[in-house]
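Student: Hi, could you walk me through this one? I'd like to ask about a few spots as I look around.

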Amino acid sequence: MKALFPRPCSQALQAILINTAGGITGGDSFAFSAFAGEATTFNLTTQAAERAYRAQPNERARVENRLQAGHEARLNWLPQEMILFEACAVERQMHVELAESASLLLIEPVVFGRAAMGETLRHASFKDRIEIRRKGKPLFIDAMTLQGDVTRQLASAGVAAGAGALALLVYIAEDAAAHLHVLRAMLPETAGASLIGGDVLVARLLAQDCFALRQSLIPIIEHFTNDAPPRSWMT
């Protein structure tokens with residue numbers, strides 16, 4: 001892996017993470033950590049969509065990300081989609097630690113096979129866990145496990161009603177409550193948003209495919225960052 005730091009067009013530091021291996025497969029282990037210092041704004045994204053490829057039997061790929069934000073810092077975690085391929089096996093964890101006055105925008109999109117290519121996930125494994133804490137106290141914990149015939153599981157009305165892509169959004173800031181109704185107005189019918197704490201706003205979006213998901217996410221990113229999405233999203 002490596003990181004590029006494009007010339008900033010604002011006061012925020014921009015970092016683009018690049019997986020030089022071209023994807024993730026069984027046996028791989030990736031670990032990344034970042035810290036936003038006091039009173040800074042740090043935007044993190046990826047060069048392209050991440051691809052989780054077929055794994056050999058009994059092998060798993062592991063991805064662990066750790067983020068920290070200091071006093072009055074703002075951290076924007078805006079990776080492009082993780083695309084899951086048939087027979088992939090991925091275990092991913094995200095740990096975020098916020099100082100008392102720090103704020104966070106976190107978006108995690110996942111695509112379950114490329115709809116345009118007619119791909120389905122009949123034998124796949126995806127485990128995902130996100131933990132966000134402030135001074136050690138849990139603010140948001142979310143876990144998802146999909147195993148086996150993922151396409152069939154997603155077809156269930158109680159799971160995803162046939163959606164082929166999803167995204168989680170978490171916004172933690174003093175003004176979170178003020179964004180609730182604005183966010184709900186921006187969401188498609190296959191999404192929902194709730195204020196689960198005084199300053200914790202959470203939304204989950206379902207979409208037919210990656211293209212439809214991006215159509216929803218791009219204006220949302222523009223709203224919460226008051227800026228255009230990362231340039232790599234538009235290439």
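Predicted model: local features only at pLDDT ≥ 70, side-chain atom pairs only at ≥ 80, totals over all residues.

Student: Where does Ala 191 lie?

Tutor: Ala 191 lies in strand β14, which covers residues 191-197. Its relative accessibility is 22%, so Ala 191 counts as partly exposed.

Student: And how are Ala 191 and Cys 88 separated?

Tutor: Their C-alpha atoms are separated by 26 Å, and the two residues are 103 apart along the chain.

Student: Let's switch to rings. How many aromatic pairs does the structure hold?

Tutor: It holds 3 aromatic pairs. One of them is Tyr 53 with Phe 85, a tilted pair with 4.9 Å centre to centre and 50 degrees between the planes. That pair links distant parts of the chain, 32 residues apart. Tyr 53 sits in the loop between β5 and β6, while Phe 85 sits in the loop between β8 and β9.

Student: Are Tyr 53 and Phe 85 buried or exposed?

Tutor: They fall into separate classes: Tyr 53 is partly exposed, at 33% relative accessibility, whereas Phe 85 is buried, at 12%.

Student: What about the pair of Tyr 171 and Phe 224, why is it called tilted?

Tutor: The planes of Tyr 171 and Phe 224 stand at 50 degrees, so the pair is tilted, with ring centres 4.7 Å apart.

Student: Since α3 came up, how far does it reach from its first C-alpha to its last?

Tutor: Helix α3 reaches 21 Å with its 16 residues, close to the 22 Å expected at 1.5 Å a residue.

Student: Which residues of α3 are buried?

Tutor: The buried ones are Leu 213, Arg 214, Ser 216, Leu 217, Ile 218, Ile 220, Ile 221 and Phe 224. An α-helix has 3.6 residues a turn, so residues three or four places apart point the same way.

Student: What covers the buried residues of α3?

Tutor: The cover includes β7, β10, β13, α2 and β15.

Student: What lines it?

Tutor: The lining includes Arg 92, Glu 108, Asp 128, Met 144, Leu 168 and Arg 204. The elements that give two or more residues to this lining are β10, β11, β12 and β13. By class, the lining has 6 nonpolar, 6 charged and no polar residues.

Student: Which residues does Ser 103 touch?

Tutor: Not counting residues up to four places away in sequence, Ser 103 touches Ala 73, Arg 74, Leu 75, Ile 172 and Ala 173. Ser 103 is in strand β10 and is buried, at 12% relative accessibility.

Student: And where is Leu 98?

Tutor: Leu 98 is in strand β9, and at 1% relative accessibility it counts as buried. Leaving aside neighbours within four places in sequence, the contacts of Leu 98 include Ala 69, Leu 104, Ile 132, Leu 139 and Ile 172.

Student: Last one, backbone angles. What is phi of Glu 72?

Tutor: Phi of Glu 72 is near 60 degrees, a positive value in a residue other than glycine. Most residues other than glycine have a negative phi. Glu 72 lies in the loop between β6 and β7 and is partly exposed, at 49% relative accessibility.

Student: And what is phi of Asn 226?

Tutor: Phi of Asn 226 is near 55 degrees, also positive in a residue other than glycine. Asn 226 is in the segment after α3 and is exposed, with a relative accessible area of 71%.

Technical notes
Residues numbered from 1 in each chain as written. Heavy atoms only, no water. Phe/Tyr/Trp six-rings, centres within 6.5 Å; stacked < 30°, edge-to-face > 60°. Helix = DSSP H or I, 4+ residues; strand = E, 2+ residues; numbered from the N terminus. Buried < 20%, exposed > 50% of the residue type's maximum accessible area, 1.4 Å probe, protein only. 1 Å grid on protein atoms, 1.4 Å probe; cavity = no way out; pocket = protein on both sides within 12 Å on 5 of 7 lines; lining within 4 Å. Nonpolar A, V, L, I, M, F, W, Y, C, P; charged D, E, K, R; others polar. Expected span 1.5 Å × (residues − 1). Contact = heavy atoms within 4.5 Å.
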